[in-house]
Amino acid sequence: MSKRNNLVFKGLHIVAWVIFVGLCIEAGGLIVNFIFSLFKPEFVQNLYQPLDLTEMYNDNKWPFFGIYSFILSISILKAILFYIVIRLMHKMDLTKPFNTFVSDQILRISYYTLAIGLFSAIARQLTKNLSQHGFDTNSLNQFWADSQAFILMGAVIYIIATIFKKGVDIQNENDLTV
C-alpha cells in the first residue's frame with residue numbers, strides 16, 4: 001500500500017475516533033437529560049442538551065417514555081456503530097482485506113445502520129402522530145431527520161458486506177487450491 005493511502009487511512013481512523021467520542025458525549029448527555037427530566041425537571045434547561053419534555057411528561061407519561069426510548073436508542077446505536085467502525089479500522093489488514101473478521105464487521109455495520117434508520121423512521125411517524133394529538137414535537141425532529149439516509153446507507157453497506165463475504169469465499173477457495 002502506498003504511503004499516501006496509509007496516511008489517508010490513518011486520518012480516517014482519527015476522524016472515526018473524533019466522531020465516536022462526540023457521539024458518546026451526546027448519548028451520555030441525553031441519558032443525563034433523561035434522568036434529570038424525571039427527578040429534577042426544572043434543572044433541564046441548564047444541561048448540555050436542554051431537551052425539555054416536561055409538558056409531555058405531565059400530560060401523559062407513555063409518550064414521554066416512548067420518545068425518550070427512541071432518542072436514547074438511536075444515540076446509543078450511533079455510538080456503537082462507530083465503535084464497530086473503529087474496531088474494524090484498527091484490526092483490518094489492508095494488505096489482505098478479505099477475511100472473515102472484516103466481512104462480519106461490515107455486515108454488523110450494515111445491521112446497525114439499518115436499525116438506526118428504521119428506529120428513526122418509526123420515531124418520526126410517532127412524533128407526527130403525537131403532534132396531531134396536541135403535543136409539541138418540533139424540537140425532536142433533529143434526532144431522526146436523517147432516517148431515510150441511514151436506511152439507504154444500511155442497504156448499500158449490506159451489499160458491500162455481501163460482496164466482501166463472496167471475496168472471502170473466493171480467497172479461501174484459492175488458498176485451498178494453491
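**View 1. A nonpolar surface patch of about 440 Å² is put together by Ile31, Ile35, Phe39, Ile76 and Ile80.** The model is a predicted one, with local features needing pLDDT of at least 70 and side-chain atom pairs 80 or more, while totals for chains, interfaces and linings use all residues. Residues are numbered from 1 along each chain as its sequence is written, and side-chain values use heavy atoms, without hydrogens or water. Patch members have over 30% relative accessible area and no salt bridge, with nonpolar side chains (Val, Leu, Ile, Met, Phe, Trp, Tyr) joined within 5 Å and like charges within 9 Å. Areas are Shrake-Rupley values (1.4 Å probe, only the protein chains shown as cover), and a salt bridge puts a Lys or Arg side-chain nitrogen within 4 Å of an Asp or Glu carboxyl oxygen. Helices here are DSSP runs (H or I, at least four residues), numbered from the N terminus. Ile35 has its place in H1, and its relative accessibility of 40% makes it partly exposed (between buried, under 20%, and exposed, over 50%).

**View 2. Here Asp52, Glu55, Asp59 and Asp136 make up a negative surface patch.** Asp and Glu count as negative, Lys and Arg as positive, and His and the chain ends are left out; each charge is placed at CG of Asp, CD of Glu, NZ of Lys or CZ of Arg. Zoom in on Glu55 and you are in helix H2, residues 54–59. Glu55 has a relative accessible area of 54%, so it counts as exposed.

**View 3. Phe34, Phe64, Phe65 and Tyr68 are linked into a cluster by ring pairs.** Rings of Phe, Tyr and Trp (its six-membered ring) pair if their centres lie within 6.5 Å; planes under 30 degrees apart are stacked, over 60 edge-to-face, the rest tilted. That rule gives eleven aromatic pairs. One of them joins Phe64 and Tyr68 edge-to-face, at 5.2 Å centre to centre with 65° between the planes. Phe64 and Tyr68 sit four residues apart in helix H3 (residues 61–91), so about one helical turn separates them. Both Phe64 and Tyr68 are buried.

**View 4. Gly22 and Ala79 have C-alpha atoms 8.5 Å apart, although 57 residues separate them along the chain.** Gly22 belongs to helix H1, which runs over residues 3–39. With a relative accessible area of 36%, Gly22 is partly exposed.

**View 5. Lys78 and Ala27 are 51 residues apart along the chain, with 8.8 Å between their C-alpha atoms.** Look for Lys78 in helix H3. Lys78 shows a relative accessible area of 18%, so this lysine is buried.

**View 6. Met153 and Thr113 lie 6.9 Å apart, C-alpha to C-alpha, and 40 residues apart in sequence.** Met153 is part of helix H5, residues 147–177. Its relative accessible area is 38%, so Met153 goes down as partly exposed.

**View 7. Gln49 and Ile160 are 35 Å apart in space, C-alpha to C-alpha, and 111 residues apart in sequence.** Gln49 is a loop residue, placed between H1 and H2. At 16% relative accessible area, Gln49 is buried.

Terms used
Helix = DSSP H or I, 4+ residues; strand = E, 2+ residues; numbered from the N terminus. Buried < 20%, exposed > 50% of the residue type's maximum accessible area, 1.4 Å probe, protein only.
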